[in-house]
Amino acid sequence: GLFFLREPERQLAVDTFSRIDGVFRELWKLITSREGALVAVLSLSPIGVSGAENLWSAMASEWRVGANTIVWVTGFAAVAVASIGCVIAGKWADSSDRRIVYLGTASLLGCVSGTLALAPHVPAVFIAGNLAQKLTTSMCDVALSALVLSVIGRTAGATKFTMFAAL
């Protein structure tokens with residue numbers, strides 16, 4: 001169906017290089033600002049990141065979990081729980097300081113991960129732990145996005161956001 005759509009012709013502005021230069025200047029101004037530097041440091045830090053996120057299937061045999069449980073927990077249930085985590089963190093970020101929200105969600109993730117490390121390797125803990133970790137990981141993702149969006153400003157927003165996301 002896309003073959004039948006006409007895409008309007010795009011032409012680069014005459015001042016393309018000055019616009020690119022302007023974007024780089026804004027990026028530099030953001031990174032050298034107090035808020036921008038803080039967000040860059042937080043983006044680079046390992047807090048709020050789950051290293052086990054994509055390894056649950058590989059670790060399932062240690063927890064004596066079957067294939068059907070893996071599919072349900074890491075697939076369908078994980079999507080539902082992640083959606084809930086996104087809404088919770090989004091509401092929290094709307095009503096609170098986004099730096100506190102990011103550090104709070106990262107602390108929650110750390111508590112969940114620590115509990116999983118100490119918990120017995122049984123199927124019930126696999127299920128509850130996996131879903132709790134998915135919930136808190138999605139909360140961390142939303143909190144970081146809210147934090148970045150709060151400092152990037154209105155101009156060159158896509159470039160600035162992508163830069164922070166790539167960190």
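A residue is termed buried when its relative accessible area is under 20%, exposed when that area is over 50%, and partly exposed in between, as judged with a 1.4 Å probe on protein chains only. By this criterion R98 is partly exposed, because its relative accessible area is 27%. The structure is a predicted model, in which local features need pLDDT of at least 70 and side-chain atom pairs count only at pLDDT 80 or more, while totals for chains, interfaces and linings use all residues. Residues are numbered from 1 along each chain as its sequence is written, and side-chain values use heavy atoms, with hydrogens and water left out.

R98 is found in helix α5, helices being DSSP runs of H or I with at least four residues, numbered from the N terminus. With contact defined as heavy atoms within 4.5 Å, and residues up to four places away in sequence not counted, R98 touches A93, A146, L147 and S150. The C-alpha atoms of R98 and L147 are 5.2 Å apart, although 49 residues separate the two in sequence.

Helix α6 comprises 29 residues and reaches 42 Å from its first C-alpha to its last, close to the expected 42 Å; the expected span is 1.5 Å times one less than the number of residues. Just after α6, G153 takes a positive phi of about 80°.

A nonpolar core is a set of buried Ala, Val, Leu, Ile, Met, Phe, Trp, Tyr and Cys residues joined through side-chain atoms within 4.5 Å. The largest such core has 14 residues, and V39, I152 and F164 have the most contacts inside it. At least two of its residues are supplied by each of α2, α5 and α6, with α6 providing the largest share, 5 residues. Beyond its neighbours within four places in sequence, F164 is in contact with L30, I31, G36, V39, A40, S43, V148 and I152. Another core, of 9 residues, lies apart from the largest one and includes V73, V112, L116 and F126.

A pocket is an open set of points on a 1 Å grid over the protein atoms alone, where a 1.4 Å probe fits, with protein on both sides within 12 Å along at least five of seven lines; lining residues have an atom within 4 Å of a point. The largest pocket is lined by 19 residues, of which S43, V49, D141, L144 and A165 lie nearest its centre. Two or more lining residues come from each of α2, α6 and α7, and α6 gives the most, with 6 residues.
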